[in-house]
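Let's take a walk through a protein model together. Have the picture open while you read, and look for each residue as it comes up.

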Amino acid sequence: MQSFVRFIDAFSEKVGNAVSWLTLIMVLVTVYDVLMRYIFKAGSIWIQEAEWHLFAANFMLAGAWTLLHDGHVRVDIFYAKYKPTTRALVDIFGTLLFLLPYSVLVVWASIPFVHDSWAMLEGSSDPGGLPGRYILKTVIPVTFVFVGMQGLSEIIKNIQIIKKGEK
């Protein structure tokens, strides 16, 4: 189990680091777009769609990394006051009742959507837009597989907290 946890955590960390470079690329593309549109009056559908695609990929692929670093939003009015073992129990049940079922649902529901997109090699519907929209749509199930795997890692770590009685 420990090797699974180490593997998943390391994988999520590597994906998160790679996604951080997407953020830099997205910022550079956005700056270029703004300069071209507002200074040179030369906008481009292609570059605007590149911004959207980079933002979507960045936002989605960072999900598992965010879970690894406990960065997702939670209402912690009570949670922050709980003992570490109680927090671990809450996290286990939350992952089992919400995160994992939702991840499975999104993967299951998005597969036909992604399949159809690949079947037609879907691109932008706008003239001058980006080709390869099917690649971006593929990120949806991939993201939730990553998040689900990280959720399993978090369950294992929380079980260890309960067994040890500490955090």
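Is Phe 7 buried or exposed? Phe 7 is exposed, because its relative accessible area is 53%. Here buried means under 20% relative accessible area, exposed means over 50%, and partly exposed is in between (1.4 Å probe, protein chains only).

## Before we start

This is a predicted model, where local features need pLDDT of at least 70, side-chain atom pairs count only at pLDDT 80 or more, and totals for chains, interfaces and linings use all residues. Residues are numbered from 1 along each chain as its sequence is written, and side-chain values use heavy atoms, with hydrogens and water left out.

## The overall layout

The protein chain has five helices and zero strands, so its pattern along the sequence reads α-α-α-α-α (helices, H or I with at least four residues, and strands, E with at least two, are DSSP runs numbered from the N terminus). The C-alpha trace spans about 60 × 35 × 30 Å along its principal axes. The radius of gyration of the protein chain is 20 Å, while a compact globule of 167 residues would have one near 15 Å. That radius is taken over C-alpha atoms, and the globule rule is 2.2 Å times the number of residues to the power 0.38.

Of the 167 residues in the protein chain, 37% are buried. The chain exposes about 10600 Å², and carbon and sulfur atoms supply 73% of that (areas come from the Shrake-Rupley method with a 1.4 Å probe; for residues, only the protein chains shown count as cover). Now for contacts, meaning heavy atoms within 4.5 Å. Among contacts with a separation of 6 or more, 75% are between residues 24 or more positions apart.

## Rings in pairs

Rings of Phe, Tyr and Trp (its six-membered ring) pair if their centres lie within 6.5 Å; planes under 30 degrees apart count as stacked, over 60 as edge-to-face and the rest as tilted. By this rule there are five aromatic pairs. One of them is Phe 7 with Phe 11: the centres are 6.3 Å apart and the planes at 20 degrees, so this pair is stacked. Both residues sit in helix 1, four residues apart, which is about one turn of the helix. Phe 11 is partly exposed, because its relative accessibility is 27%.

Another pair is Trp 118 with Tyr 134, which is edge-to-face, with 4.5 Å centre to centre and 65 degrees between the planes. This pair links distant parts of the chain, 16 residues apart: Trp 118 is in helix 4 (residues 84-119) and Tyr 134 is in helix 5 (residues 133-164). Trp 118 is partly exposed at 40%, whereas Tyr 134 is buried at 16%. Ring pairs also join Phe 7, Phe 11 and Phe 146 into a cluster.

## A hidden serine

Which residues does Ser 153 touch, not counting those up to four places away in sequence? They are Phe 4, Val 5, Ile 8 and Asp 9. Ser 153 lies in helix 5, and it counts as buried because its relative accessible area is 0%. Between Ser 153 and Gln 48 there are 37 Å in space, C-alpha to C-alpha, and 105 residues in sequence.
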